Structure formats: structure tokens, C-alpha cells
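Biologist: I've got a model open and a few things to ask about it. Can you walk me through what the atoms say?

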Amino acid sequence: MATFELNLIDATKQLSRKDVTLFHGSDHSGQFGIMAKHESFMTSLLLGLYWFYVLNDPDPNYLALAGGILYFKKNVLWIVTPHFFVDKDMKRISVNLEQELKKEEEQRKEMKERAKNLEKEMLKRMWEIQKKIPKS
């Protein structure tokens with residue numbers, strides 16, 4: 001059976017497999033599959049659970065993605081995403097993705113709060129500086 005290369009990249013890690021036989025994904029238009037020698041293809045992936053098969057293994061490898069961009073050309077599939085997890089166990093991978101998304105949401109909330117506080121402090125200092133400037 002013909003194979004293709006899969007490259008997964010996120011902010012902290014990269015994974016490459018050269019023995020992939022089928023990738024199953026979904027985008028805003030619906031579900032799709034990619035096999036070796038597929039035409040060039042690019043799409044925006046949704047947050048969710050995907051899977052792929054490798055040569056000589058009848059069981060799927062599950063791939064949890066926090067969205068991303070998929071690009072297939074010259075028998076190489078590239079997926080760039082904020083976060084990904086690969087596992088044979090669907091439940092374990094779903095828990096990992098959920099935990100990562102919760103952590104990311106908490107970090108976003110903290111950053112928003114810090115930006116809000118910084119803005120307040122800057123306005124306060126500008127007000128104080130403006131009061132010290134003599135009026136002519």
C-alpha cells in the first residue's frame with residue numbers, strides 16, 4: 001500500500017511519520033480523507049478529533065487538534081496547530097486536549113486582566129502628569 005509523510009507542528013513540539021496510509025479530517029465544508037498521491041490541498045481545520053492510519057497497523061492513531069492549517073503537496077501532509085496530541089486511546093487524548101484548552105483559557109483571562117490593569121495605571125499616570133503641567 002502507498003504511504004505519505006505526515007508532519008505535525010505546534011508551539012512546543014513536532015512529530016513526523018513517513019508511513020501514513022490514510023488521514024481523516026474535517027473542515028468547514030465537512031469531512032474528507034487523504035491518501036497517498038492526493039492532489040495538492042489546503043484547508044483550515046476545526047477544533048476536534050481526527051485520525052490516521054499507518055502501514056501494518058489496523059488500529060487508528062487519534063489526533064486531537066486545537067484547530068489549525070492543513071497543507072498537502074508532493075505526498076507530504078503538513079498540519080500546523082496551536083496544540084496537538086496523538087494517542088491510540090481516544091478517551092485519554094480527549095482529556096488531554098480539554099485540559100490544555102482550559103489552561104489556555106485561564107492564561108488568556110490572566111493576560112486580559114494584566115492588560116486592563118496596565119491600561120488603568122497608564123491612564124492614572126497620564127492624569128497625574130497632566131495635573132503637574134502649568135497652564136498658561
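Biologist: How far apart are the closest N and O atoms in the salt bridge of arginine 92 with aspartate 87?

Modeller: Before that, note this is a predicted model, where local features need pLDDT of at least 70, side-chain atom pairs count only at pLDDT 80 or more, and totals for chains, interfaces and linings use all residues. Residues are numbered from 1 along each chain as its sequence is written, and side-chain values use heavy atoms, with hydrogens and water left out. A salt bridge here is a side-chain nitrogen of Lys or Arg within 4 Å of a carboxyl oxygen of Asp or Glu. For arginine 92 and aspartate 87, the closest N and O atoms are separated by 2.6 Å.

Biologist: Is aspartate 87 buried or exposed?

Modeller: The classes go by relative accessible area: under 20% is buried, over 50% exposed, and partly exposed in between (1.4 Å probe, protein chains only). Arginine 92 comes out at 45%, so partly exposed. Aspartate 87 has 16%, so that one is buried.

Biologist: Which residue forms a salt bridge with lysine 88?

Modeller: Helices (H or I, at least four residues) and strands (E, at least two) are DSSP runs, numbered from the N terminus. Lysine 88 sits in the loop between E7 and helix H1 (90-132), and its partner in the loop between E4 and E5, so the bridge ties together parts 31 residues apart in sequence. Lysine 88 is partly exposed at 40%. The closest N and O atoms are 2.5 Å apart, and the partner is aspartate 57.

Biologist: Where do arginine 114 and glutamate 110 lie?

Modeller: Their side chains meet in a salt bridge, 3.6 Å from N to O. Arginine 114 is exposed at 57%, while glutamate 110 is partly exposed at 44%. The two are 4 residues apart, about one turn, and both lie in helix H1.

Biologist: How many residues are in the largest nonpolar core?

Modeller: A nonpolar core is a set of buried Ala, Val, Leu, Ile, Met, Phe, Trp, Tyr and Cys residues joined through side-chain atoms within 4.5 Å. Among the members touching the most others are Phe4, Phe23 and Leu70. Strands E1 (4-9), E2 (14-27), E3 (30-35), E4 (41-54), E5 (61-73) and E6 (76-80) each give two or more residues to this core. The size of the largest core is 19 residues.

Biologist: What is the phi of lysine 74, in degrees?

Modeller: Lysine 74 is in the loop between E5 and E6, and is exposed at 73%. Asparagine 75 is in that loop too, with a positive phi of about 65 degrees although it isn't a glycine. Lysine 74 isn't a glycine either, yet its phi is positive, about 50 degrees.
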